[in-house]
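Subject: Structure handover

Hello,

Please find the structure below, with notes on what turned up in it.

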Amino acid sequence: MRIADTHRITIIGGGMSGLLLSIFFAQRGIASELFERAADPRKGAALGLGPTVLSLGERGRYALRQADMEDAVGELVTAMRGRMIHDRRGEMTLQPYGIHAYEALYSISRERLIHCLLDAAEGSGKVSIHFGQRLHAIDWSARTLSLDDAGELNFEVLFGTDGAGSRVRRSMQQASDLRIEQDLLDAGYKQLSIPATTGGQPPLDPHALHVWPRGGYMMIAMPDIDHHFSAMLFLPRRGDHRMPWGFAELDSWTRQEAFMTFNFPDATPLIADLETEFRDNPVGQMGTIRCSRWRIGGLGLLVGDAAHTIVPFHGQGVNAAFEDCTALMEIIDGGAADWETAFEQLENARQANCEAIADMALDAFRTMRDSVRHRDFMLRKALERELEQRHPGVFIPRYSLVMFHRIPYAEAHRRGQLQAEILDELLKGKQQLTDVDLDRAAKLVGERLTGFA
């Protein structure tokens with residue numbers, strides 16, 4: 001079907017990527033009808049399981065600028081300049097994200113961001129949103145779908161933005177040769193809350209992502225604009241001979257309290273309702289979903305978590321989903337005449353990149369859980385900063401490439417591997433930065449990274 005002949009887009013899933021897509025289509029004069037299975041969160045409906053606070057990097061912020069939402073969202077974010085590492089004694093060490101002023105992440109309440117996107121979509125006059133509508137089935141050949149109250153409806157082109165448990169993806173799999181690979185992480189998470197002080201002040205540094213790495217498990221906390229922190233405890237789902245404690249073993253308040261007090265002595269007193277939250281907040285699952293294809297002809301396309309679910313440790317879930325949307329708009333604006341061509345080009349442009357960020361997110365889990373507390377990691381970061389200052393625009397740490405640039409994920413991954421090899425060679429047998437041969441470093445950077453300048 002020609003894009004110019006399309007009267008109305010159908011979107012299944014009213015989360016962040018679905019709403020952003022509808023806003024982008026409205027900018028281009030295309031109407032959208034969006035169906036969301038949950039109730040309207042602006043009317044008090046609870047959001048589903050997942051992080052309550054998200055981080056926006058440059059990819060997500062670029063998408064919001066393209067949607068003319070930077071100012072509205074900018075009022076809702078808190079800048080985080082680095083990681084604050086907490087050891088068992090309660091001592092803290094700030095690890096800046098980078099050497100440049102622009103290298104900051106921006107935390108935002110998931111609820112506030114969704115409210116902002118909902119208001120913008122409805123305010124466009126081109127988007128109709130239907131809440132409480134669960135998808136039951138799609139007949140791709142007849143271009144019809146069935147929902148709870150709306151019954152059977154026709155569609156011209158359909159977007160599946162319905163998350164990791166996507167029903168659109170399941171329907172595509174039944175109707176095509178789509179192959180799905182799902183890998184569940186052996187760790188789960190529990191959402192915890194650190195409220196503002198009785199005087200309304202932040203209980204922790206509000207301009208840092210706080211990390212309590214413990215080797216095999218960890219806790220993190222992210223700030224919100226109301227000075228409370230959203231914390232997440234990451235722990236194996238079940239203990240074993242290497243790690244005796246998992247969520248399954250924390251089966252009583254006595255064990256839960258003892259575990260938290262021993263491992264997180266500075267954070268535990270800040271969690272006002274720890275017993276209640278351990279009892280009432282479920283253990284969330286995390287995993288990676290990879291799809292062999294994201295589309296079914298020119299009829300339907302998967303976007304965001306429905307196409308590529310990743311673990312949350314690189315803070316790129318919403319950023320990658322938003323980048324799907326901006327990439328599709330660039331393809332359409334670039335002259336793609338029909339949906340099948342646009343979908344094929346998007347899949348070709350994005351699939352390898354999303355594979356790369358899935359791998360880097362798993363690597364970030366291991367780094368945050370285990371490595372950030374080690375002296376070797378600190379030396380490695382110090383050398384990274386030194387090489388970045390000596391070779392600006394050529395040596396850029398992989399973390400910065402992912403978080404603060406819009407370089408394709410696959411290129412960031414490839415470039416990061418080359419830089420890791422350089423660091424490994426320079427640091428072999430070294431105990432401090434002054435031991436590193438910086439002349440040799442300049443030679444290695446010149447030989448291996450020149451093509452990236």
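**Cysteines**

Cys325 is buried, at a relative accessible area of 0% (buried means under 20% relative accessible area, exposed over 50%, and partly exposed in between, with a 1.4 Å probe and protein chains only). Cys354 is buried as well, at 3% relative accessibility. The model holds zero disulfides, a disulfide being a pair of cysteine sulfur atoms within 2.5 Å. For Cys325, the closest cysteine sulfur is in Cys354, 11 Å away, and therefore too far for a bond. Cys354 is in no disulfide either; its nearest cysteine sulfur belongs to Cys291, at 10 Å.

A note on the source: this is a predicted model, in which local features need pLDDT of at least 70 and side-chain atom pairs count only at pLDDT 80 or more, while totals for chains, interfaces and linings use all residues. Residues are numbered from 1 along each chain as its sequence is written, and side-chain values use heavy atoms, with hydrogens and water left out.

**Cavities**

Rolling a probe the size of a water molecule over the atoms shows where empty space is left. The terms are as follows: on a 1 Å grid over the protein atoms alone, a cavity is a set of points where a 1.4 Å probe fits but cannot get out, a pocket is an open set with protein on both sides within 12 Å along at least five of seven lines, and lining residues have an atom within 4 Å of a point. Grid points are joined across faces, edges and corners, and a volume is the space filled by probe spheres set on the points.

There are two cavities of 30 Å³ or more. About 70 Å³ lies in the largest cavity. Its lining consists of Pro96, Tyr97, Gly98, Ile99, Lys381, Glu384, Arg385, Glu388, Pro397 and Ser400. Helix α10 gives the most to this lining, with four residues (helices are DSSP runs of H or I, at least four residues, and strands are runs of E, at least two, numbered from the N terminus). By class, the lining of the largest cavity has four nonpolar, two polar and four charged residues, where Ala, Val, Leu, Ile, Met, Phe, Trp, Tyr, Cys and Pro count as nonpolar, Asp, Glu, Lys and Arg as charged, and the others, Gly among them, as polar.

The second largest cavity has a volume of about 60 Å³. Among the residues that line this cavity are Cys291, Trp294, His308, Gln351, Cys354 and Ala358. Two or more lining residues come from each of β17 (284–291), β20 (308–309) and α9, and α9 supplies the largest share, four residues. Six of the lining residues are nonpolar, three polar and two charged.

**Second largest pocket**

The second largest pocket has a volume of about 530 Å³. Of its 20 lining residues, Asp363, Thr367, Arg380, Glu384 and Arg398 are the closest to the centre. At least two lining residues come from each of α9 (339–371), α10 (375–390), α11 (398–403) and α12 (409–427). The lining of this pocket divides into seven nonpolar, seven polar and six charged residues.

**Single residues**

Leu362 sits in helix α9. Neighbours within four places in sequence aside, Leu362 is in contact (heavy atoms within 4.5 Å) with Leu185, Thr288, Arg290 and Val311.

Ser166 lies in the loop between β12 (157–160) and α5 (167–175) and is buried, with a relative accessible area of 2%. Its side chain reaches the backbone nitrogen of Arg169 at 2.8 Å. With neighbours within four places in sequence again left out, Ser166 is in contact with Leu302 and Ala306.

**Positive phi**

Most residues other than glycine have a negative phi, and most peptide bonds are trans. Arg143 has a positive phi near 55°. This residue, in the loop between β9 (135–139) and β10 (144–147), is partly exposed at 26% relative accessible area. His227 has a positive phi near 75°, lies in the loop between β15 (218–223) and β16 (229–236), and is partly exposed at 28%. Within helix α2 (residues 58–66), the buried residues are Glu58, Arg59, Gly60, Tyr62, Ala63 and Leu64.

Regards

Technical notes
Polar contact = N/O pair within 3.5 Å; in protein donor to acceptor, adjacent residues only side chain to side chain.
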